[in-house]
Amino acid sequence: MKLSRKAGVGILAAAVVLVVAVAAGAFVLNRHSPTNRAKATVEGYLSDWSNGRYPQMAAVAEQPVDSFTSFYKASAQGLEETRGSYQLVSLQTGANPSATFNARVSLANYPDWTYTGTLPLVKRGNTYRVVWTPAALHPALKADQHLGLVRTPQNYGHVLDRNGKQISTGDTQLAQTVIGRAPSDAAGAGKGPTGLHVRLADTLDGRLPAAVDVLTSSGKLVTRLQSLPGKPGQNVRTTLDLGLQKTAENVASGSGKPTSIVLMDARSGAIVAAAGNSSAGPSNALTGRFPPGSTFKIVTATAALQNGFTLDTPVSCPPSVTAGGVTFKNAENEALGQISFLTAFEKSCNTAFVNIAEKLPKGALAKTAAFYGCSALPGRAETPDALPIPTFTCNYPPVADAEYAASAFGQAQVETSPLGMASIVAAASTGTWQPPRILPPDGPLQPSAAPRSLPANVVSQLRTAMQAVVSNGTATSISGSGVAGKTGTAEFGTKNPPQTHAWFTGYLGKYAAAVLVQDGGFGGDAAAPLAARVLQAAQASG
């Protein structure tokens, strides 16, 4: 019998359907095979383990102990595990079903630990379960045993001054403000100094030699599973000078008012000493926020000298001047009349600097403040990343009208610390602003901020002006000392007449310093002699 062409197509289609149906049936049967059911159980168990889902693991375990979850958590904690990954390697079904897995455990501050383990299985009806014993976690574990990360003590690094002398807890001020000591058994750290920011903890503490051990419940060693390499702690050298630090502390302690002092290497921005007496506290030198008063005239003078002024430019110093609806006066109502820019600087005439600021191009003063490291963000300051310690340098937020006029002589919202003012006078005296630093150029954490330079003619005029402050101006109390700089008398509070902080920031040779005497009156009287003592001691030290 012949088949029609149409009938032949129908039979072929039926055959295809039959093949697909058979194939689909084979797939269904295969999916429910013992091997695949066991595989699904094991992969789910290992996935839950990798993600710390211990209750889900217990749900497919054969007769888990009541402490199943706490057992696994204790293991992870004992190893200081940061991550675990468990992957199926092979599977065996039959009379004694089991699965082999690879484990990769990330341990705090150490290379990953790897091992191969086995999960015994048992078939219950159409499902498989994991036969649980401590050996399911690691083959070496037995009842009443656990895993632990055991460290071996070793020497740790020390924080050193620039001469290689160890800075210890006995150096109280530095221990509190710069070094910081926090002996610890914390993960990845030995017992030793961890100051100068957590970024240096690994360098100082190193990494203790350790081992993954099987321990009894009382902590006795049963088996050593893996030895982990250590790394000796290394010393960290700073730019500090312990001898000059003691000098600064002694000078500050002799003041009858809260006093803070910072000494820097003007050429590099390196902090050499940072001190305060007991009434000021040790941290004000680096983190204090105070109006700088007339020391900030260094910044305003720099802006003026970059915008057409010279030391001979005539300026007016009347007894008062009004700007933005506010009247400003000089200290003790001083009036000098028509004078040179140099005289206005050395005599520190406020009204003259208000007039000077009003003649500057828009934004010139803010631009110069930024050059000297002053942030334009309220409440913040430029803190270079080479200072892994709490600091505040300088803040010159956007100001206008009366506040702009007041900012010309360091009032309004302008804030600095002794660290900030030392950095400013260092830049004015050398011609190059350097990011303040407490770690040497060959040490860790190099600054990302690049040095910035002033024109040579501006620097020479600033140096002349700061020398005149001492020889003929507001700091004649230290005339003959060799020191040059700028005084500051910064108003604060609500009393009438207002109270004033006394400032002096200056340089001698390669060193720069800033001294703040809180509620100290006039900078030339209270602060300048202290700065001269510190700078002369530094210069004598070489």
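Asp144 sits in the loop that runs from strand S5 (127-131) to strand S6 (145-151). Strands (E, at least two residues) and helices (H or I, at least four residues) are DSSP runs, numbered from the N terminus. The model is a predicted one, in which local features need pLDDT of at least 70 and side-chain atom pairs count only at pLDDT 80 or more, while totals for chains, interfaces and linings use all residues. Residues are numbered from 1 along each chain as its sequence is written, and side-chain values use heavy atoms, with hydrogens and water left out.

Most residues other than glycine have a negative phi, and most peptide bonds are trans. Glu332 is another non-glycine residue with a positive phi, of about 55 degrees. Glu332 is found in the loop between strand S15 (326-329) and strand S16 (337-340). This residue is exposed as well, with a relative accessible area of 70%. A cis peptide bond links Asn496 to Pro497, with omega near 0 degrees. Pro497 belongs to the loop between strand S21 (484-492) and strand S22 (499-508).

Strands of a sheet pair through backbone hydrogen bonds, either parallel or antiparallel. In this model, three strands build an open sheet in the order S6-S8-S9, and the pairing is antiparallel. S6 and strand S9 (221-228) are the edge strands; each has a single partner, so one side of each lacks a neighbour in the sheet. On average, neighbouring strands of this sheet are turned by 25 degrees against each other, direction ignored. Axes are lines fitted to C-alpha atoms (for helices, over the stretch in contact), and angles run from 0 to 180 degrees between N-to-C directions. Two strands count as paired if DSSP finds at least two bridges between them. Strand S8 (residues 210-216) and S9 share six bridges in the antiparallel sense. One of the contacts joins Ala210 to its bridge partner Leu228 in S9.

Side chains of opposite charge can pair when their charged atoms come close. A salt bridge is taken as a side-chain nitrogen of Lys or Arg within 4 Å of a carboxyl oxygen of Asp or Glu. The count is 11 salt bridges. Among them is the pair Asp213 and Arg224, at 2.9 Å from N to O. Asp213 lies in strand S8 and Arg224 in strand S9, so this pair ties together parts 11 residues apart in sequence. Asp213 is buried, at 2% relative accessibility. Arg224 is partly exposed, with a relative accessible area of 46%.

Glu62 and Arg124 form another salt bridge, at 2.8 Å from N to O. Glu62 is in strand S1 (residues 61-62) and Arg124 in strand S4 (residues 113-124), so the pair links parts that are 62 residues apart in sequence. Glu62 is buried at 16% relative accessibility, whereas Arg124 is partly exposed at 43%. Asp48 and Arg53 also meet in a salt bridge, at 2.7 Å from N to O. Asp48 is buried, with a relative accessible area of 13%. Arg53 is partly exposed, at 31%.

Definitions and conventions. Buried < 20%, exposed > 50% of the residue type's maximum accessible area, 1.4 Å probe, protein only.
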